[in-house]
Amino acid sequence: MSLLTAAGALYLRTVRETWAGGTGMLLPLTYIVGGAALIPLVAGDAIGGVAELFRRAGALSAAPEGISNSDLLGLIAPGLLWFLIALASLVTLERIFQSDLEDGALDDYRLGPLPMEIVAFIKVIAVWSLVALPALVMLPLPGLFLGLSPLDSLMSLPAFLLGSLAFFFWGGVGAALSASVRRSGLLIAVIVLPFYAPAVIFGAGAVAPLASGSGLDTTALMFLAAATLMSAAIGPVAAAQALKLSAEG
Amino acid sequence: MSEAMTDWRKISLRAEGLASLRGFRLLFRDLDLDAASGSFTALRGPNGSGKTTLLRILAGLMRPSMGELRWDNTPDEAIHLIGHASALKPFETPRSATDAFIRLTGLKRKPALTDALLDRVGLGRPADVPVRFLSAGQKKRTLLARLLAVPRPVWLLDEPFANLDAAGRELVERLISEQCAKGGIVIAASHDETGLAPHTTIDLAEPRSVAA
């Protein structure tokens with residue numbers, strides 16, 4: 001099937017370009033691991049202090065006395081991971097469409113057989129699979145830094161996979177809108193962060209029960225999947241329109 | 001293939017009253033352009049007179065500020081646009097870039113065909129050298145290979161002779177006349193006088209400012 005050939009070629013070309021970009025692939029991974037390594041250092045005592053305040057006020061009276069700061073950190077670890085993944089996705093999105101616009105490849109794609117919506121979809125998936133997937137597979141490592149057991153990290157993987165896809169589809173819209181702007185990272189952040197909210201909210205809800213030793217919250221996971229599907233349906237269409245607009249400029 | 005060529009005999013372009021306003025500069029207006037199958041149109045005009053913009057409008061990548069444009073009897077994906085930007089990725093080689101272009105069009109690549117094409121455009125030797133090591137002329141030749149790799153009836157060429165040596169310019173002239181003989185339409189923006197006589201010449205004047 002000829003359209004499949006074209007789609008495969010576009011996927012491979014995007015993967016090669018992202019790979020050839022060098023730092024692109026390792027950046028989010030480094031970002032997440034580095035952030036997770038720093039958080040216990042800066043927040044450990046603060047978390048203990050907050051817990052002490054609540055304890056004095058009687059709010060934590062039910063909690064056993066021997067609970068440690070790292071246990072408390074583990075309670076919020078899944079949320080912190082969401083936070084880190086959301087920010088890490090932002091730093092990788094800047095170049096998704098920018099180089100194609102600059103070197104004229106985008107014109108080739110528009111004169112070719114694939115609709116721009118499909119082009120945007122494939123490019124986002126290609127970058128996600130090269131950049132986000134490895135970082136997520138390595139998630140038990142930063143999870144460990146935050147006091148989350150490797151087993152819990154692996155169990156929460158489906159939620160993070162879905163959520164990161166939503167981040168990339170929305171991020172693709174921001175990247176397309178700002179493709180003709182130099183240093184567009186800031187613009188992308190401002191444009192897309194509000195759209196991250198549903199995925200972050202349902203995603204955090206889905207993994208929250210892990211801290212208390214139970215499995216994923218499947219209801220929240222379903223809502224997360226719905227949010228991701230919505231981003232997959234709307235994101236590429238909006239990105240395609242933005243790319244056509246930027247070619248007018 | 002032969003069927004495609006008979007179809008090419010019916011294609012035509014009709015553009016009426018085209019105008020392009022970029023910011024406060026009127027690049028051109030009241031521009032009429034007719035091109036029939038087998039014709040070669042030359043766009044001339046000083047730098048900044050809107051040649052590239054006109055080509056992008058004809059390719060459907062931009063909308064004209066005014067006027068209408070119609071391609072008749074053209075198949076899907078009828079247009080090659082060879083522009084200023086190289087549309088080549090630094091890590092690609094002439095061979096991989098050509099193969100990628102063939103596959104991006106949805107066609108199957110044939111190694112022997114690619115070899116023959118690259119020989120034809122004079123890239124037999126540097127076929128596997130990454131684009132970032134190629135000269136401007138060799139990059140241009142890499143783009144010319146696409147014109148042959150994927151047959152499309154309409155060629156919109158932006159400065160096709162730029163950066164090319166004498167042999168390269170001769171090659172471009174030969175490619176253009178072959179394309180016209182096949183029934184294609186070639187529209188080229190160029191400063192250079194060539195050995196090839198265009199059927200029509202469109203002169204774009206110095207742009208006028210419309211700011212008050």
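Buried area is the accessible area, taken with a 1.4 Å probe, that two parts lose on being put together, summed over both. By that definition chain A and chain B bury about 2300 Å² between them, with 53% of this area on carbon and sulfur atoms. The structure is a predicted model, in which local features need pLDDT of at least 70 and side-chain atom pairs count only at pLDDT 80 or more, while totals for chains, interfaces and linings use all residues. Residues are numbered from 1 along each chain as its sequence is written, chains are lettered from A in the order in which they are written, and side-chain values use heavy atoms, with hydrogens and water left out.

**Interface of chain A and chain B**

- Counting contact as heavy atoms within 4.5 Å, 27 residues of chain A are in contact with 27 residues of chain B.
- Arg13(A), Leu111(A) and Glu248(A) supply 32% of the area that chain A buries against chain B, more than any other three residues.
- The interface holds 6 salt bridges, each being a side-chain nitrogen of Lys or Arg within 4 Å of a carboxyl oxygen of Asp or Glu.
- A salt bridge joins the side chains of Glu17(A) and Lys89(B), with an N to O distance of 3.2 Å.

**Make-up of the chain A side**

- Helix 1 (2-20), helix 4 (98-103), helix 5 (105-111) and helix 11 (218-248) of chain A each supply at least two residues of the side that touches chain B, where helices are DSSP runs of H or I with at least four residues, and strands are runs of E with at least two, numbered from the N terminus.
- Helix 1 of chain A gives the largest share of that side, 11 residues.
- By class, the chain A side that touches chain B divides into 10 nonpolar, 7 polar and 10 charged residues, with Asp, Glu, Lys and Arg counted as charged, Ala, Val, Leu, Ile, Met, Phe, Trp, Tyr, Cys and Pro as nonpolar, and the others, Gly among them, as polar.

**Domains of chain B**

- Chain B is divided into domain 1 (1-32 + 39-78 + 153-166 + 179-212) and domain 2 (87-151), with bounds from an automatic or database domain assignment.
- The centres of the two domains, taken over C-alpha atoms, are separated by 24 Å, and their contact takes 12 residues from domain 1 of chain B and 7 residues from domain 2 of chain B.
- These domains bury about 800 Å² between them, 67% of it on carbon and sulfur atoms.
- Between the domains the count is 1 salt bridge; the side chains of Asp165(B) and Arg141(B) meet in a salt bridge at 2.8 Å, N to O.
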